[in-house]
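Biologist: I would like to learn how to read a structure that is new to me. Please take the features one by one.

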Amino acid sequence: MFNLSRMNRFWRLPVGNHWPQTRGKSPVKEVEDSIPLRVLVMALVILGIVATDIAGETQFSLWTVPLTMVGTGWSYYRRRSPNIPIQFCIAIGMLLALGAFFGRFIGNWNDTRLSLAELLIQLQVLHSFDTPRRKDLGYSIVIGLILVGVAATLSQTMAFAPVLLLFLGITLPTLVLDYRSRLGFKESTSEKSPKKNKNYNFNFKFLILNFLLIVTLGLGIFAILPRFPGYQLRSFPVSAPLKVPDNFTGRSIINPGYVREGKGNGQGNGSGSGGNAGEPGTIDNNFYYGFNSEMNQNLRGEMKPKVVMRVRSQAEGFWRVLAFDNYTGKGWKISRNDQVTTLRQSPWTSRISIDPPLFTTPTKEVVQTYNLVSELPNLIPAMSYPKGLYFPTPAIAVDQEDGLRAPVQLSEGLTYTVVSDVPYRDRSLLGKASTKYPANIKQYYLQIPPAIADKVRKRTEEMLASYDQQRVSRSPGTKSLDSTYEKALYLAQYVKQNYTLPTNPLDLPYLDDKDDLVESFLFKNKGGYPDHFSTTLTVMLRSIGIPARLVAGFAPGEFNPFTGMYVVRNTDAYAMTEVYFPKYGWFTFDPIPGHPLIPPSIEEDQTFSVLRQFWNWVAGWLPSPITAILNTVFGTIFSWLFQGIAWFLALFTKGWLGILTGLIVGTIAAFLGWLSWGQWRKWLNIRWLKKLPPMERLYQQVLQWTANKGLGKHPSQTPLEYAQFSRRHHSPEIAEVIDDICQAYVSWRYGGHNPNWQQLQQRWQALKKVEKNRVS
């Protein structure tokens, strides 16, 4: 009885009475019936998935796109049903997706962007089976936008650009339909309204103009966006951990371009297809011949261009791979190839710390992320003096020439990040460097074959003497070559200008057994291959007691202003000369014709590097005279602009008077900017009014005048309602004219009549003059 009594009391409660009435009924409200809106939202989601596939090189769309289309159709069909069983299945599927995500996260926690995108795609597919309301479709719109954003961070090529433009083109009508749905506009196809509601139709001209405006503004903002040094986040992109052999010592170089018979592991001797080092041979079509423990410069031929990696870097630079210390007469070799140091990862991160050299040169931190498109040797490209390497192996090796070696060959798809302390190149500071070299430097970096030492030294001294003769005869006040830096700079320039590259790469003869590369370059061939220039300069510097070595790596490559990445090809690989300066370290000189004498580095301002690189890309399509004129004009404008900004900021460092002056200047500039903005808006308004029909223009002028008086028309008011409103707040004379203009506007707009707008305009102008005189 007690329980029955309690139950009776429960059923008499409001909640108890309500529950059996609502049981089995759907609590869904605001059901979205618009098929076009649902189709467009589905298209946005599909584009987000396709964009992720393109940027991340995945295949999610093979199964997610069909399921998304099925889910969209199911949701529309069941939009007014509670779908309780489906919701339970969706919840279970989401839990399974979350568990799979954590499994992937543990396997690759260095870069979780793709794992998060996969989780989001799976959740969206499940979500698409239950989207009855407009706000559910809004969630899908946001998910599509997030997927495109993730794809943008993963994208390395221009293949992402068409998808992005298509996404933007579909987004605009989607947002229009979503906004009209929020306002309550419905699509009507009833007998009384055989045509669709006029408010539902698109203004395609408006959409196209907005599309072009957004694209133009987006590209402009991207181009002028400053790139400040330093990353705020220290979780850099790195590939998933790789399996490495247990017996890694770092002594061997694995180069796929040197796979020979009996050497299937790729560990060759650097001789190309000619057999032993120094023997004649041909260059491999795909791989640079210098990335090995020995460089045979008696090879002929050329490589077929192909992209090998894409680099995202805070500064343009030379992607250094390895260096050689021992000249063999027909090439180079690393004499201390077995003397390497093994470094291991931190147990908590993928970072491998590298001890910096003991130099006093000021440096700048530069972060680079390398994305490999083709396989490379187990030599790790990096800018000078790396201090932190985020690499997917537990250990690496560092050789005596500061080259980084991985336990495995660098494979296609590999991603790693390097943090380097790149030294500044101060000419005046390096010009004062000492010539007292440590014993280990003189032991390895002054080596030269005795047979050519005297002959090369004599030729080098003749080059330096020619400069002194020119200085005395033409410019007596010119500074003499009294420092190591100036000598190296002059010799590099001399070799660049006085020796030539062969017209046909195959025309250069092979070296015989008794021939020496440098001797043949200077006295016989009067030139050679690009790397022969660097070899010659290195040996010439050694002949006069300046320590130097040959360094090989990649040029910066072609900068893509849209992806922000440097596209590096195998043909960008070449060798330069590195010169040692006590206390300051190694600095490169490039004697190759057509190359800059000083390689690109951090001395150049990188804040607006995207704008500069974008302009270089555009200038490449313009005639040289036009490019020169535009360079002068824009250079002058930006120079004045930056000087003005620097002067303004410098005021705040000059005490209280400077701060006060800066505030006054800032206030005046803000006031002038406000006046200019007002005049600009006024001009735009006048231009807009001129394009309107006369009656529409007069009506809009009336609305603007009354709005300035604080009695503007509310958007929900009709013209006739506003005329009645004006009678209560304006004088009878003004209210009468406003009423006549509103009546004429309605008859013209909706009735097709042609009122005497000239007479109405005269009355309005006369009334405005009277009102103005009364106020004054």
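The dialogue below goes from the whole chain to a sheet and then to the cavities.

Modeller: This is a predicted model, in which local features need pLDDT of at least 70, side-chain atom pairs count only at pLDDT 80 or more, and totals for chains, interfaces and linings use all residues. Residues are numbered from 1 along each chain as its sequence is written, and side-chain values use heavy atoms, with hydrogens and water left out.

Biologist: How many helices and strands are there in the protein chain?

Modeller: Helices (H or I, at least four residues) and strands (E, at least two) are DSSP runs, numbered from the N terminus. The protein chain has 22 helices and 20 strands.

Biologist: What percentage of the residues in the protein chain is buried?

Modeller: Buried means under 20% relative accessible area, with a 1.4 Å probe and protein chains only. Of the 776 residues in the protein chain, 44% are buried. As for contacts (heavy atoms within 4.5 Å), residues 24 or more positions apart account for 73% of those with a separation of 6 or more.

Biologist: Which strands form the open sheet of 3 strands?

Modeller: Two strands pair if DSSP finds at least two bridges between them. Here the order is E2-E7-E6, with antiparallel pairing. Strand E2 (294-296) and strand E6 (326-327) are the edge strands, each pairing on one side only. E6 pairs with strand E7 (residues 331-333) over 2 bridges, and Asn326 stands opposite Lys333 in E7.

Biologist: What lines the largest cavity?

Modeller: Its lining has 18 residues, with Ser384, Val422, Arg425, Thr588 and Ser601 nearest the centre. Strands E15 (415-423), E19 (573-581) and E20 (585-589) each supply at least two lining residues; the largest share, 3 residues, comes from E20.

Biologist: Where does the second largest cavity have its centre, by residue?

Modeller: Arg320, Ser384, Tyr385, Pro386 and Asp402 lie nearest the centre of the second largest cavity, among 14 lining residues. The volume of this second largest cavity is about 120 Å³.

Note on methods. 1 Å grid on protein atoms, 1.4 Å probe; cavity = no way out; pocket = protein on both sides within 12 Å on 5 of 7 lines; lining within 4 Å. Points joined across faces, edges and corners; volume = space filled by probe spheres on them. Buried < 20%, exposed > 50% of the residue type's maximum accessible area, 1.4 Å probe, protein only.
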